[in-house]
Structure formats: structure tokens, C-alpha cells
Amino acid sequence: MPHDDVLQLLWAKSDACGSPHSLIGHLLDTAAVAEIIWDEFMAPITKQLLDDACDGRGRQVFVLICALHDIGKATPEFQRKCPQLAAPLADSLPIRLRASDPDKKWHHTRSGAWLLMNLLNTESPELAASRAPWAESIILGHHGKIIDLPHSRPSRQQRAEQEWEPTQKALVDLIVRETGIPLSVLITQTPPSPSLQLQLCGYVVMADWIASSSEFPGIGLRSEDAEEARQRARQAWQHLGFTSGWQPSELASDLAAFRDQFGFDPRPLQQLAAEAALDMPKPGLIIIEAPMGEGKTEAGEFASEILARRFGCDGFVFAMPTQGTTDTMYERVAEWNKRLRPDMPVALLHGKAMLNEHWLKVLHQDAAELSDIYDDDDVYGPSSQQTTRQPCVPAAWLLGRHRQLLSPLIVGTVDQVLRAAVRSKYVMLRHAGLAGKVLIIDEVHSYDVYMSVFLHELLRWCAGAGIPVILMSATLPPDLRDGLIAAYTPGHAAIEPSDRYPIITSVSPDGTVSQRSCLPFRQDSAISVEVLSADDPGDLTPLVDNIDQESSQGGCLLVIVNTVRRAQQVYQQLQERGIPTRILHGRLATGARADRTADLVDLLGKDRHRGSGRPERLVVVATQIAEQSFDVDADLLFTDLAPADLLLQRIGRLHRHDRPEEDRPLSMRTPRAIITGLNFTSSNEPSWPKPFEYIYARWTLLAAAYQLSAENTAWTIPSSIPRIVAEAYGSAWEDTSGWPSVVAARADLRSDESRRTGKAGTFRLGDNLIPGRRTLEGIHFQSAAETDKHPVVRDGEPTREVCLVVRDKDGYLSLDGHPLGPNGERCCDPNLARRVLGDCVRVRESENLGDVQPLPAWANIPLLAWQDALVLDTHKRAWTKESTIHYDDQLGLVINRLDR
């Protein structure tokens, strides 16, 4: 039988929407999708970098790799997986239709890498010894993992495949003819950087997944030409609803556009950020350090526009530390983007995005579609019946598992981008998602030593891929800043210590570092920092007494404590005294916490004054949830002891907005912060409640206490912020303090940091790259045990989320009384399922909650299939052998351990 007749008998999909699909068809389909991805989806900067790395042939390289990605299926080992389809091949090729079990270690990706390696070595024998097999690594990794290249074949495969070699060669020749791309384009002595290779691999996976979706029904075992494949790809692309991101003409080119976009003239910091972006010679790193309330968000947004226009980026990823701060930032960023690209929605990316009403309105699809979009069992994407795209609605395909970062414009939790630095399956899709975007990461001071390992690794990969990065913080210790710069540009020039503030640091790829500063928008304010010292810092009575006294003449007070239990106890005692009080912490149900946060921001925000809805007297009791992106204006602040930089973050809520002096009580017109949970009286060394050290390292608490040890401390904010942070994280205070436990506390801190850094390193993306190979080979030699419940980008005590449901004689109810059915079956209504998700609370795994598991009927409900439920009685109580559990609508979840 002639080779062309044999080739069309090779199958790639045994069941593609009810029919088999030929290998030729799938390879050409994938190549056709790749052409559209290059022409209409990839950012200009990504294409330019690939062109530069591939001698101007980036498009050809990408399309050809996609066209060859599954050539490993042209082997007897793969074809006999479906004996019925393989039977016609037996007339022309040796194939044992009833062979023993396939060799799982010799996957078709390994066969494909082996075939391509031999073909390229034959094509260019003079370069065979020195050529880096980088394209083969991409073929090897298109199923999500890149282990080691097959430098030899097992004897079993060698014997079986030897007589197939002419057919395999004929298949590659056919692909080369149809695409018009010679095999020689893959022969490069100097390969693209590993960062670009990983992005390219991600785009190959994207093309393969689209060509494997229900948009490409099987054509049977017949040949297909490139033109037919292009028609199929065009129809699928239009039906899936993909659109390009930002266009350069839509973006700001200078400061003149600022007022039109934001409605006010640029502040000094925002002007400085724009100048830094305009002066940057190539995509690099910008670090913006400025006080709370200075306008860092608008500075970062506008700078990202300028960088995107100058360097050819077509979108952004805006990363925040928590789901709460992400939701708050999402609406601000979406509003900004409306003025740039109103037809391109901003995607919200975090584990509870489906509870955000703004995001649901953006999706604007019926409930059945939303359930399918977020089905984690989905691999290639929703079926064609579920993807009809309406105007201004994101392509549903982009919202599936592993591929959310491919959306052009994103606001998400920092975990989503840090996972690009983890050695996890399909990490290449995350890198394709970051390609061609400006990456903005806010609150970088809040990422601990463990998370910083992944942040530094991410910066290294971003530098290699030409991804501009903007980092923002109000309080950044000098060592942390230096570490971030060194991660992006290892050979950077030394930075002289500076007390200038606000300050912007620019880092170019060649290691050049420059800094510029400006006057703050807000004038310096002397903050009176007082210590409410108590013999027993765990006794809350002195704190409550002081709150009562200070607020007796009115005023809006913010009280930030370090644990949920302290918050609940303070709230209860204030309530008993009849003082108007609100409480906010992480043990409230997700939906209730979001609603309460929004209400408080509205009630105490910048537009609220006495006479326009601002309360005459109110105390807000909160945990660390109030440290970041909580835009309230407190007249007086009480705060538990915390590390100095976090104290400054908390102080950022104090007199946050300019209001008339008479709008504040007379005793609160001078900003005051009162530090609690601290004892300076009973010994020559300060003490605090033991639970504080479960949250913060003892050394950092000692350092903060030393800053507070002088009576009547006054902090000049914002100009003193750099000095306070630098002194708190330096070592000069240790000898001066004379405190005996300082040395041991520092040793404990260093030991803990070393342990946590080492632990994070075991999951770091680049640790297994083979030195000198210049390829991605071996990057997944060890897998990272990452799951959705326990992502490895955070450590600490493991936590889990549980849905709180009530059970009565008729079945289950939501917390607010909506019937869920005898087995939870009514949650098939997506609106009700989202209501139940809003009743989730995060708890530590060490807290024994008894038998928690999904309700029986949730197994077939995508939004709830893996969601554990804690069943409460009609009084919202439950008991275990160790604890009593109660959910109170005001207090949140209360867990009390039983005495033994």
C-alpha cells in the first residue's frame, strides 16, 4: 500500500464527538489553530522575542512544533490501543493487535521526542553533537510534564518501530509539505531562553487542547489538507469567542492622558511612576514604595499602560495577597479598564470568584453555562453548545482549569501567579498566560519568607521572558527590596541606602538600577503612638475600658487584634456595655464577610462625613483582615502588637482621608494609635499573649516593642516609614535593648527561615533543570504535590474550607434558611449553589470538626462536588469529642475546646 494511503489510516482520536479522527487531521488542525494563535492572540512582544530567538522564523517554529506535537502516535505502541481502528494497518505494517499491556513509561510524547530528535540529527548531522534538543523537550512536555529526553529506545520499542520508520518519515514529510515549513527551522545552535521555551510549550498545549475539543469533530480515517484544517480552525476560533487584548493605540503614551482616565491631575507619585515607565529602555522591573493612601494603584495602572504600549504587551495581571483584597481591587481595575477597552472584560481569578456579583454580571451567561465553566474535571473545554459568546463576555474556554491566566486582563490572588514558579503539571500554560502581559503585584511586603522563594523564582522567569513587572508596597524592608532586585537581575548594581520616600526603583535587564523620589501627596502627620501596658496582656478588660472611655464623646474607632478569639471577646464585652460595634474577621462566612467589608468601607469611606451617613459613635473590631485594602478612615486606632511594618499598615487606616477638623471629636483631631496586648511593666523584657507567637516570629515582635519602648513615641508619617522599617529589621537595636532573649529569638528566626526556604525550594520550578543543557529537559523530574485545597505556594498550618449547612427534620438548609433538599439536591440550581458557597468558613485542619464531607447529592454538582459540609443543628451548633461549635450571625464561627 502506498505511504499516503497508509498515513490516513493512522488515528489520533478514537472518539471525537462520535467519530474517529485521523492523525493527519489532528496534526494539521493543531497547526491551523497555532497560526491563528500567533496572528490574533499572542502579544507583539512575545512574537518579537520568539522571532529574535529563532532568526526571524518564530511563527514557523511555533506552527511546525504544533504540527509535529503528536507524531509519537505514529507508532505500533500507540496505534494498538484501539485494535478496531488499528486493524487496517496490519496489511501494511507490523502491528500486534493483541499485544501485552503498553509500556506506560514509553508514552507517545517520548516516542515523538525520539522521532524528532533523530529526524533533526539526520537533517543536520554536522550539528548533531552540539545542537540543544529544545524543540524535542516541548514535544515531550505537551501533556503537562517534561521529564528526561529519550536518548535511547527500550529494546521492545526498537524492534517494534524499526519497520515503521519509513511511514513516520513520510508523515513528517507530508506535514512539512502541507504547512510549507521546512524541518530545518527547528535547528538552532543557540536555543530560545528557557523562559521563552516554557511559554512556547504552553501555547503548544493551548493549540492542542483547542484542536482536541468538541469544536473539532472527527472526520474519520481519511486525509485532510491544510486548507480544510484552516477552515475548521477559523470556525472553531470564532465560535469559542477569543479576542485579542489591548491595542497600542488604546493606551496612554504620556501623562497627558492621566486626567481623562482617572478624573484628577496626577499626584507626584503617579507622575513619577509614569516617568519611570517612559524612561525604561527595555522591559524590566519597577518597584513603587509609597505610603498608604498615596495613589499607588493608579500609579501602577498608568505605568502598566505606558509599558504595554512601548514594549508591545497586550494585557496585565494584577495580583493581590488575599481574596478579600482581590475583590476590592477588582472593581477599581475594571472601572479603569472601561476607559481603555470597554469591550474587553477584566477576569476575576480566585477560588471564590463565583461569589463576586460584579464578576457574575460580567459573565452574563445562564446558570448551566457557569457550572460547566468551573468544572475541574473538564480538560479541553466546554462543549460547543456551551460557548456561544455574547458581547463583552470572556471566552468560556479561558476560564477552565490551568488556563485562566491566558485571559488578556486579569485581577487575581497572588497564589495564581506564584504557581507559575511551582514545578506542577501544566505550569507551561501559566507561563503562556503571563507572556505578553504587564505583571503588577501589590502588597509585596506581606509575602513571608516561604512565599518569597516562589516570588523570587517567578521574577527570574519573568526576566528571561521579557515580562515587565511592577511591584508595589507601602513598607518594604531594604533587604527585601534588594532580594527582589537580585531575583530579577542577578548582576545588578549596588544600591545606596536611602531614606527618601515615596521612592521608585527601576531595574533594567542589563543590571542598571536607578531610583527617583518625590514629595508625598499628603503632608507629614505626627502620629502619637501610645502603649496600653497591662500586667496581664491577655486580659481584655483594660482594652475594653479604654475603648469605652475614648469613645464616650463619639467617634469611629478601629480596633485590630491578632486572633479571632480576641476579636470575638472584645466585641462581646463592648456589646454588653451597649457600645455600637461591628466585627470583621476570617471566621465569618465568606459571603457575610464580603458584605460586611463592603458596608464598612461605604460607611467609613472617604465620602462619608457627619451629616452624610457617618456614625456618631462606632467601634469596628477586626483582625489582620483590616491591614490591607481596607479603605476606612478611623478617628482613633487600637492595635495589638505586631511587626513594625504591619503596625504601619494598620496605622494607614488612621485619619486616612482629609476631612474637616470639626468632623472628628475634639479628643481625636490629633491622630493616635494605641498599642495593646503588651506588657512593659512586670519585667525588664516585654511580654505578650502566647498566641501572638503562633502568628509572628518572636524576634520581629521584640523589634517592634523596642520601637515602642520610649515613652510618648511620635511617628512622623509618611516620611519616617523607611527609617522605622529599616531599624526594625536591622540589628543595631539588639545590643541596646539589653533584653536577654533577643539572641535566641534571632537564632530561632534564622533557623525557621532556613527551614521554610528549604521546604519551598523542593517545589521550585527551576531546581531540576539540567545544567548546561539549555533546554527544559528534566524540569518535572520530581513532581510538586500541589492540590487546589493545599497549594504549595503557602505554608503554615494546613487549612480547609467547610460549608456550613443546617439540618432539620425535613432535610438541609442554608445558613439563612433556604431549603437545600433531603440530600442537598436543590443545589443543582447554580444560584443556590453559590449561596451555599457563600456560607463557607476556613478552619485549621488541626481543629477536629468531626465527620465533614460533601452532602450526598453534591457529587454531580460541579460547584460543590468537592466542598466539605459541616452540618449544624437548628440552633447552628455541633459537637465533637473535643469541641463545641457554634455559628453566630454576628460573631462568626466559635470553636471552644472541651476541658479534659
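Helices (H or I, at least four residues) and strands (E, at least two) are DSSP runs numbered from the N terminus. This is a predicted model, in which local features need pLDDT of at least 70 and side-chain atom pairs count only at pLDDT 80 or more, while totals for chains, interfaces and linings use all residues. Residues are numbered from 1 along each chain as its sequence is written, and side-chain values use heavy atoms, with hydrogens and water left out.

Which residues of helix 4 are buried? They are Gly-58, Val-61, Phe-62, Val-63, Leu-64, Ile-65, Cys-66, Ala-67 and Leu-68. Their packing partners are helix 2 (23–41), helix 3 (44–53), helix 7 (108–123), helix 8 (134–140), helix 10 (165–179) and helix 11 (194–211), where contact means heavy atoms within 4.5 Å.

Asp-55 is not a glycine, yet its phi is positive, at about 55 degrees. This residue is exposed, with a relative accessible area of 59%. Cys-17, in the loop between strand 1 (11–16) and strand 2 (19–22), also has a positive phi, near 60 degrees, in a residue other than glycine. Cys-17 is exposed, its relative accessible area being 52%.

Two peptide bonds deserve a look as well. The one from Tyr-501 to Pro-502 is cis, with omega near 0 degrees, and Pro-502 sits in the loop between helix 22 (478–488) and strand 9 (503–507). The bond from Ile-717 to Pro-718 is cis too, with omega near 15 degrees; Pro-718 belongs to the loop between strand 17 (713–717) and helix 29 (721–729).

Now step back to the whole chain, which has 32 helices and 25 strands. Its radius of gyration is 30 Å, close to the 29 Å that the globule rule gives for 900 residues, so the chain is as compact as a globular protein of that length. That radius is taken over C-alpha atoms, and the rule is 2.2 Å times the number of residues to the power 0.38. Buried residues make up 59% of the 900. Among contacts between residues at least 6 apart in sequence, 75% join residues at least 24 apart.

Terms used:
Buried means under 20% relative accessible area, exposed over 50%, partly exposed in between (1.4 Å probe, protein chains only).
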